[in-house]
Amino acid sequence: MKILVTGGAGFIGSAVIRLAVGRGHSVVNLDALTYASCLDNLASVADKPGYSFEHADIRDRDALNRIFAEHKPDVIMHLAAESHVDRSIDGPGEFVETNIIGTFNMLEAARKYWIENEKPAGFRFHHISTDEVYGSLPPDPEVQFTEDTPYDPRSPYSASKASSDHLVRAWAETYGLPVLVTNCSNNYGPYHFPEKLIPVVILNALHRKQLPIYGDGSNVRDWLFVEDHADALLSVVKKGEVGRTYNIGGENECSNLTLVKTICAILDEKRPREDGASYADLITFVADRPGHDARYAIDPTRIRTELGWRPSVTVEEGLERTVQWYLDNEDWWRPLMQRKGVGQRLGTGR
Ligand code: NAD
């Protein structure tokens, strides 16, 4: 299968590409190489014959038309996006342009290519989205997001993703484009850009800096190991029913405070502090993110029953592997710390 992956130099896209190439698929990686990208994520596949890279922006329709015509992909996996909620609070414009207009361009380029090639039966446009489109849940563990939960996005990021999801479904209804949509929970794992919570905590701890927790740390997230997510996405694009949405969760609900304490305990074990103290001493509660959703949780029934997919690791196992990866890969994260905004508090709404 020849897969066109957008955003393949990012965190999740690169995990998808490493897995897809490892399974013998051909992959074209289309990426604009924004501040959040890192081509080093693909070092292990960059020289493989099935891999190629196109430096292009999804806001550039002509470039998309050329790439579709030249590479003739069997399926599209669309991950390119602005992805950081805090940055969306400070500068929502780029989120509207890339996540909404960019997705519109991708849909139009895909539709043109699909029609010009006489609507090949196996063609799929797989749109990768977030569970944040569903809004915020109460603490009741019985209540989880299903594929039928009404949309209620709260941040500029989630509103832009919700908007792109609607466009994708409209292109299926209106033009018959064979689409698939997945909405996943918070990913974590190797190659996670050092502005997101888990790498921030690991790297701040190693530098003996404060470990910032928004609000009182009671916000609950479901944590999905990125390599599990990549596996789920390849299952969906291969076996998913056209037009259907699949929620993808890690079956690992955890409050932010518990998560940070777990990371501290792993570091205490793997890299004990010289003064004998626990890294948990560095935990500091900071002003909450404006509009911070209280809880996200995914009902995994559909993907489990229809596609037979379940996550392979618990959050404790995944965090253990993630912490070890950051300890072993300083050469990867050190240069990224210099990028604009990394290491700073963003998205305070001021
Ligand atoms: P990321 O920020 O790590 O990577 C995004 C990639 O997209 C980067 O390589 C960037 O260069 C590229 N990109 C951005 N704007 C572009 C443009 N205009 N044209 C072409 N390329 C562009 O993001 P991620 O965490 O890997 O997320 C990937 C997708 O998964 C996104 O669509 C995101 O909304 C979704 N998602 C992520 C999570 C998560 O926990 N990370 C959770 C749910 C959904």
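Helix H6 (residues 197–206) is largely enclosed by the rest of the structure, because eight of its ten residues are buried. Buried here means under 20% relative accessible area, exposed over 50% and partly exposed in between, with a 1.4 Å probe and protein chains only. Helices (H or I, at least four residues) and strands (E, at least two) are DSSP runs, numbered from the N terminus. The buried residues of H6 are Ile198, Pro199, Val200, Val201, Ile202, Leu203, Asn204 and Ala205.

The elements that cover these buried residues include E7, strand E8 (211–214), strand E9 (220–225), H8, helix H10 (315–328) and helix H11 (330–336), where contact means heavy atoms within 4.5 Å. Just after H6, Arg208 adopts a positive phi of about 55 degrees.

## Basis of the model

This is a predicted model, in which local features need pLDDT of at least 70 and side-chain atom pairs count only at pLDDT 80 or more, whereas totals for chains, interfaces and linings use all residues. Residues are numbered from 1 along each chain as its sequence is written, and side-chain values use heavy atoms, with hydrogens and water left out.

## Overall architecture

The protein chain contains eleven helices and twelve strands. Its C-alpha trace spans about 65 × 45 × 40 Å along the principal axes. The radius of gyration of the protein chain is 20 Å, which agrees with the value near 20 Å for a compact globule of 350 residues; the radius is taken over C-alpha atoms, and the globule rule is 2.2 Å times the number of residues to the power 0.38.

Of the 350 residues in the protein chain, 56% are buried. Among contacts between residues at least 6 apart in sequence, 81% join residues at least 24 apart. The accessible surface of the protein chain is about 14,500 Å², and carbon and sulfur atoms account for 49% of it; accessible areas come from the Shrake-Rupley method with a 1.4 Å probe, and for residues only the protein chains shown count as cover.

## The ligand shell

Among the 29 residues around the ligand, Ile12, Asp31, Ser83, Tyr157 and Lys161 come nearest; a residue is near a molecule or strand if one of its heavy atoms lies within 4 Å of it. The shell divides into 14 nonpolar, eleven polar and four charged residues. Ala, Val, Leu, Ile, Met, Phe, Trp, Tyr, Cys and Pro count as nonpolar, Asp, Glu, Lys and Arg as charged, and the others, Gly among them, as polar. Helix H1 (11–22), strand E5 (124–130), helix H5 (156–175) and strand E7 (186–188) each supply at least two residues of the shell, and the largest share, three residues, comes from E5.

A polar side-chain atom of Lys161 lies 2.6 Å from an oxygen atom of the ligand, and a backbone N or O atom of Phe11 lies 3.0 Å from an oxygen atom of the ligand. A polar side-chain atom of Thr98 lies 3.1 Å from a nitrogen atom of the ligand. On its own the ligand has 830 Å² of accessible area, of which the protein covers 96%.

Asn256 is found in helix H8 (residues 256–270) and counts as buried at 9% relative accessibility. Beyond its neighbours within four places in sequence, Asn256 is in contact with Leu197, Gly217, Asn219, Arg221, Trp223 and His292.

Trp114 lies in helix H4 (residues 92–116) and is buried, with a relative accessible area of 6%. Leaving aside neighbours within four places in sequence, Trp114 is in contact with Lys119, Pro120, Phe123, Tyr175, Gly176, Leu177 and Pro178.

Definitions and conventions: A polar contact is a pair of N or O atoms within 3.5 Å; within protein, one must be able to donate a hydrogen and the other to accept it, and residues adjacent in sequence count only if both atoms are side-chain atoms.
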